[in-house]
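User: I want to learn how to read sheets, pockets and cavities in a model. Can we work through one together?
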Amino acid sequence: MVKRGYRKERLDRGIKARSDDIFAIASWRETLYLILPRAAVIVSLLAFPLLKDVLGHYWQNVMLITCTIALLALSWDLLASVGLVSLGQALFFGVGAYLAGFLSRTFGWTPLLTIPASTVAGALLCTAILFPVLRLRGIYFGLITFALPLLMMRMIEATKILGGTEGLSGLPPLPDITFELYLVITAALVCAFGFKRLMDTDYGLVLRAIRDNDRSVLASGINIQWYKAQAVFIAALPGTFAGAFLTHHYQFVGMPAFALDFSILPLTSVVIGGAGTFAGAVLGAFILVPLSEVLRAFGTLRVVIYCSFLIIFTIGLPEGIFRFIERKYHQFERVVPLEEVRA
Amino acid sequence: MRTDPILRVCNLSKRFGGVNAVYDVSFYLYEGETLGIIGPNGSGKSTLINLITGFVKPDSGKVYFRGRDITGITPDKAVSLGIARSFQLVRPFYNMAVYKNLVIPLYSPRVRKLKGGKYGDRDEVAIHLLEEVGFERDSQVPFKTAGTLPHGYMKRLELARCLSLQPEVVILDELFSGMSMSEIASMLPLLEKINREEGRTLIMVEHRLRELFRVVGKVIVLNFGMKIAEGTPAEVMEVEEVRKAYLGSEVEAGA
Ligand SMILES: Nc1ncnc2c1ncn2[C@@H]1O[C@H](COP(=O)(O)OP(=O)(O)OP(=O)(O)O)[C@@H](O)[C@H]1O
Ligand SMILES: [Mg+2]
C-alpha cells in the first residue's frame with residue numbers, strides 16, 4: 001500500500017538586500033518587504049500621541065515611561081556592544097535627572113535648555129566617572145556600575161546637597177503631554193535607528209572588535225580606553241536624556257532617580273527583546289513596562305507573574321523576541337508532499 | 001656614519017614568578033635589516049617581542065625606536081610609531097568576515113594619518129591585502145567568517161594585519177608554524193618583497209631554521225631568557241652552546 005503524506009518546509013527568502021554588505025535591491029516588492037516593518041513601527045508610534053482622547057491619560061503616561069525605559073535599554077545595548085555589561089543604568093538616568101533639576105533651580109533655565117544641556121553634560125560626567133573602571137571587564141565592571149547609583153543616592157542623602165531626601169520640587173514643566181510624547185518617542189526612534197546605523201559603520205566594527213578580542217585591537221594600533229570612553233559617552237546620552245526629561249515631566253527630582261528600577265527594567269528589556277539588535281531593546285521595553293503596569297491590578301501577585309514571565313521568556317527564547325520575529329519574517333513556510341511512504 | 005639604529009634593546013629583563021623569561025638581552029637593528037630570533041621552547045622569544053611592542057612591561061632595561069626611548073609604551077602607541085607584530089597564537093575576530101578583520105587596523109590612527117584624513121574604501125583595501133598574502137582572488141574565502149579559516153590562513157591573516165598598518169618594523173612570531181612546506185615556500189618571496197622592495201625592517205621568531213635562514217641576515221639565539229649567540233646564520237650555528245641548546249634534529253635540518 002502506498003500512502004501520501006505532507007510535511008512543512010521552511011525556506012529563507014532569497015533576498016540579497018538581507019546580506020550585510022551587498023545592497024542589491026532588485027524590485028519594489030523587495031524594497032517594500034524591507035521597509036514595511038520599519039515604517040509600520042514608526043507610523044504607529046508617531047500616531048500614538050494623536051489618540052489621546054481614545055486612550056486617556058493613563059496610557060499616555062505608560063507610553064511615556066515605556067519610552068524612557070526603552071532609551072535606557074538602548075543605552076545598555078550599546079554599552080554591551082563594546083563588551084561593557086552595565087548593572088547600573090540608573091547612574092545615567094539619575095545624573096541626567098539631577099543635572100536638569102540643578103540647572104533649572106540654580107539658573108532658572110527653561111526645560112528646552114536644561115534637557116539638552118544636562119543630556120550632554122551628564123553624559124560627559126558619567127564618562128568621567130566610569131573612565132577609571134573602563135579596563136575592568138564582565139562582572140567586575142557590572143559590579144561597579146551596580147554600586148555607583150547606590151553611592152550617589154546615599155551621598156545625596158548624607159550631604160543633603162541637591163535637596164537631600166526631599167529632592168527638588170516645583171520645577172518648570174514641558175509644554176504639554178503631546179509635546180512630551182513626541183519628544184520622547186522621537187528620541188527613542190532616533191536612538192534605535194541611529195545606534196543600529198552606527199554599529200554598521202567601520203567605527204561600530206571597531207567597537208564590536210573591542211568586545212570580541214581586545215588584544216588584536218591593540219595590535220591594530222587602536223587605543224581601547226579611548227574608544228570605550230567614546231562608547232560610554234554615546235551610550236550615556238539617551239540615559240541622561242531620559243532622566244532630564246522625566247525630571248521636567250514630574251517637575252520633581254529626588255533620590256528615586258537613582259533607584260534600582262532604572263537599572264533592572266532596561267536590563268530585563270534587553271534580555272527579553274534580544275541583545276545586540278537595538279530593536280530588541282525597544283521591543284522588550286514595550287512588552288515589559290506595559291505588562292508591569294497592567295499587573296498592578298494583581299497586587300502582590302504582580303511580582304510573581306512578572307518574574308515567571310521573565311523566566312519563561314529567557315529560557316524559552318534565549319535569542320530574544322526580536323530575533324525570533326525577524327527570523328520568522330524572513331522565512332516562509334510551505335507545505336510539500338512527502339516522498340511516497342510505504343506503509 | 002650611520003644614523004641611530006631603528007630599534008635598540010638594552011639589557012631588557014622580565015621575570016614571571018621565579019622564572020627569568022628574558023634576562024639582560026641587548027641587540028640593535030638598522031633600518032631595512034632582517035633579524036631572526038631563535039631558541040628552544042620557553043626560551044623567552046615571545047616575551048622579548050611582548051616587551052618591545054608594549055604588551056608586557058619590562059622589569060628593567062630600555063627599548064629605543066630611532067633613538068627615542070619607548071620603554072613600556074602601550075601596544076597601540078607602538079603601532080602608531082610603526083612597529084607591527086603578529087601573534088604566535090592567532091586569535092582573529094572569529095565572528096567577522098575575514099576581510100572585515102582588516103578593516104580594524106585600517107581604521108587605526110596610523111593608517112588614517114598616512115592616508116591623509118579621509119580614508120575611503122577600507123573593504124577594498126582589505127581584500128587587496130588578502131590577495132597579497134596569498135588568498136586567491138576569486139574565491140569566497142575572504143567573505144567567510146574568520147573562525148572557519150584553516151590555521152595556515154589565519155597566520156596569513158595575521159601577516160595581512162601587520163602589513164595593513166604600513167609598518168616600519170614588522171615582527172612576526174612563528175609565522176611558519178602550522179604551515180605546510182609548500183605554504184612556507186610561497187611565503188618566502190612575499191617576505192623578501194616586504195623587506196627588500198618596501199624597505200621594512202623584519203624581525204622573525206622561528207623554529208623552522210632552514211626557511212628562516214633564507215630570509216634573515218642576522219640571528220640572535222636565546223636560551224633560558226639569555227642571549228647566547230649573535231651573528232649570521234652560519235656563525236651562530238657554529239657556536240657550541242647553540243648546538244647544545246638545540247640538541248640535534250633541528251640544527252641538522254637548519255645547518
Ligand atoms: N604571561 C606569563 N606569565 C607567566 N609566565 C610566562 C608568561 N609568558 C611567558 N611566561 C614564561 O616565560 C618563559 C618564556 O616564555 P616565552 O613564551 O617567551 O617563550 P618562547 O621562546 O616564545 O617559547 P615558544 O617557542 O614555545 O613559543 C616560559 O617559561 C613561560 O612559561
Ligand atoms: Mg613563543
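User: Which helices and strands of chain A each supply at least two residues of the lining of the second largest pocket?

Analyst: A word on the source: this is a predicted model. To read a pocket, go from elements to residues. Here helices H2 (52-81), H3 (90-107), H9 (224-250), H10 (261-273), H11 (279-294) and H12 (301-316) of chain A each supply at least two lining residues, and so does strand S4 (252-253) of chain A.

User: Which residues lie nearest the centre of the second largest pocket?

Analyst: A:Ile65, A:Tyr250, A:Asp261, A:Phe262 and A:Arg296. The lining counts 29 residues. The volume of this pocket is about 690 Å³.

User: How do the residues of that lining divide into nonpolar, polar and charged?

Analyst: The second largest pocket has 19 nonpolar, 6 polar and 4 charged lining residues.

User: Now aromatic pairs. Are the rings of A:Tyr98 and A:Phe258 stacked or edge-to-face?

Analyst: Read the angle between the planes: under 30 degrees counts as stacked. For A:Tyr98 and A:Phe258 the planes stand at 15° and the ring centres are 5.8 Å apart, so the pair is stacked. This pair links distant parts of the chain. A:Tyr98 sits in helix H3 of chain A, and A:Phe258 in the loop between S4 and H10 of chain A, 160 residues apart. Over all chains, the structure holds 16 aromatic pairs.

User: On to chain B. What is the order of the strands in the open sheet of 6 strands?

Analyst: The order is S6-S7-S8-S3-S9-S10 (chain B), with mixed pairing. Next, find the edges. Strand S6 (83-85) and strand S10 (226-231) of chain B each have a single partner strand, so each is left with one side that has no neighbour in the sheet.

User: In which sense do strands S3 and S9 of chain B pair?

Analyst: Parallel. Strand S3 (residues 34-38) and strand S9 (residues 218-223) of chain B pair over 4 bridges. Within this pairing, B:Ile37 stands opposite B:Ile220 in S9(B).

User: How many bridges join strand S1 to strand S4 of chain B?

Analyst: Here is a general idea to keep in mind. In a regular strand, side chains alternate between the two faces of the sheet. In this case, 5 bridges join strand S1 (residues 7-16) of chain B to strand S4 (residues 60-65) of chain B, and the two run antiparallel. B:Val9 has B:Val63 as its bridge partner in S4(B). B:Arg8 stands opposite B:Tyr64 in S4(B).

User: Which residue takes a positive phi in the hairpin of S4(B) and S5(B)?

Analyst: B:Arg66, with phi near 50°. The hairpin has 2 residues between the strands. S4(B) and strand S5 (residues 68-69) of chain B pair in the antiparallel sense over 2 bridges. In S5(B), B:Asp69 is the bridge partner of B:Tyr64.

User: Last, the cavities. How many are there of 30 Å³ or more?

Analyst: A cavity differs from a pocket: the probe fits but cannot get out. The count comes to 2 cavities of 30 Å³ or more. The largest cavity has about 70 Å³ of space. Residues lining the largest cavity include A:Ser216, B:Arg91, B:Phe93 and B:Leu157. Helix H3 (98-106) and H6 of chain B each give two or more residues to this lining. H6(B) has the largest share, 3 residues. The lining of the largest cavity divides into 4 nonpolar, 2 polar and 3 charged residues.

User: Which element gives the most to the lining of the second largest cavity?

Analyst: H2(B), with 3 residues. The second largest cavity holds about 30 Å³ of space. Among its lining residues are A:Ala219, B:Phe55, B:Pro75 and B:Ile83. This lining divides into 6 nonpolar, 1 polar and 1 charged.

Terms used:
Residues are numbered from 1 along each chain as its sequence is written. Chains are lettered from A and ligands numbered from 1 in the order in which they are written. This is a predicted model: local features need pLDDT of at least 70, side-chain atom pairs count only at pLDDT 80 or more; totals for chains, interfaces and linings use all residues. Side-chain values use heavy atoms; hydrogens and water are left out. On a 1 Å grid over the protein atoms alone, a cavity is a set of points where a 1.4 Å probe fits but cannot get out, and a pocket is an open set with protein on both sides within 12 Å along at least five of seven lines; lining residues have an atom within 4 Å of a point. Grid points are joined across faces, edges and corners, and a volume is the space filled by probe spheres set on the points. Ala, Val, Leu, Ile, Met, Phe, Trp, Tyr, Cys and Pro count as nonpolar, Asp, Glu, Lys and Arg as charged, and the others, Gly among them, as polar. Two strands pair if DSSP finds at least two bridges between them. Rings of Phe, Tyr and Trp (its six-membered ring) pair if their centres lie within 6.5 Å; planes under 30 degrees apart count as stacked, over 60 as edge-to-face and the rest as tilted.
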